[in-house]
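Please open the model in your viewer and keep the selection tool at hand. The stops below take you from ring to ring.

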Amino acid sequence: MFTLAIGDHARLRPLEPWQAPEFLAHIDRARDAVDPWIPWATFSTDLPSARATLQRYADRLAADNGGIFGIWLDGTLVGGVMFTRFDSTSGVCEIGCWLEKAGEGRGLVNRACRVLIDWAFTERGMSRVEWWVAAHNARSIGAARRLGMTRDGVLRRHSPYRGVRHDIEVWSVLAEEWPAAGEGSASGVQAELDRLIGVFMGAFTNTGGRRPDLDVIREVFIPQGRIIANVGDEPVIYDLDAFIEPRQRMLTDGTLTEFSEEEVSARTEIFGSIAHRFSAYRRSGYREGEWFEASGHKTTQYLLTPAGWRMSSLAWDDAPAAVAG
């Protein structure tokens with residue numbers, strides 16, 4: 001069957017019933033991280049049950065209503081992506097993902113999901129790709145954001161797990177929202193830079209009970225990235241940890257509530273493997289119970305790395321009342 005390269009030493013290919021021993025060994029390594037989020041992990045506990053899981057997806061693939069695909073890193077199965085639903089009549093499908101620790105931090109899930117979404121839109125003419133996620137699964141919500149998806153709403157107490165019913169968030173991307181050009185083209189690069197700044201700004205949102213996920217900032221920046229606040233007599237220069245930790249605390253301890261930030265205009269210049277973006281933005285929320293609004297400007301630099309486009313630095317200048325960055 002097909003094998004697609006999705007990065008250095010990483011491959012995507014169908015995961016089939018005959019691979020049950022390898023799949024079971026992988027699930028045993030990933031079980032603690034995967035089991036709370038993907039129900040079939042609970043039922044893949046021995047070789048027959050692991051084979052039955054893969055057979056169910058093979059049957060769905062044959063019926064054109066699903067499919068499962070593994071991610072191999074250096075020849076070892078470390079995760080995968082799947083069409084949990086695929087309805088060509090309605091033009092709506094749902095994708096999901098999972099990953100063991102050995103595959104984290106490399107952008108593998110993002111690239112694998114993009115393969116599935118590209119295929120669903122360009123080859124099959126789907127209209128909408130969905131992402132269903134437990135409301136407290138911050139990593140999966142971050143993955144949806146990085147794919148450029150929009151949060152449509154919450155299905156309250158939708159899904160039971162070990163005696164507790166959980167809220168489910170529904171995220172989606174529409175065919176007309178998905179960049180038609182390849183990542184290497186100018187329009188494809190522009191779309192990727194748009195996505196990165198959207199992930200950065202969306203990480204701070206805690207409106208409507210949503211939990212902010214500032215860890216995703218580490219995924220859109222290079223590890224050596226710098227974030228600079230020009231809000232006083234002298235600029236304050238942060239590495240990623242120094243920037244993230246106090247803001248995560250403020251956004252979760254009640255200091256900043258109903259906070260959100262959005263880009264209102266931007267100008268981007270791309271030069272080969274580097275890029276620059278100048279943005280105007282606005283933000284609002286409650287700081288220690290008092291409503292505030294602010295606006296300002298950001299300048300962002302990008303680099304094309306082996307893992308894709310990443311931010312290398314960001315500087316902002318705004319009113320003193322806004323402190324989330």
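A residue is called buried when its relative accessible area is under 20%, exposed when that area is over 50%, and partly exposed in between, using a 1.4 Å probe and protein chains only. This is a predicted model, in which local features need pLDDT of at least 70 and side-chain atom pairs count only at pLDDT 80 or more, while totals for chains, interfaces and linings use all residues. Residues are numbered from 1 along each chain as its sequence is written, and side-chain values use heavy atoms, with hydrogens and water left out.

Rings of Phe, Tyr and Trp (its six-membered ring) pair if their centres lie within 6.5 Å, and planes under 30 degrees apart count as stacked, over 60 as edge-to-face and the rest as tilted; by this rule there are 13 aromatic pairs. Select Phe69 and Phe83, whose ring centres are 6.5 Å apart with planes at 85 degrees, so the pair is edge-to-face. Phe69 is buried at a relative accessible area of 10%, and Phe83 is buried at 4%.

Next, select Phe204 and Phe243, an edge-to-face pair with 6.2 Å from centre to centre and 90 degrees between the planes. Phe204 is buried, with a relative accessible area of 0%, and Phe243 is likewise buried, at 0%.
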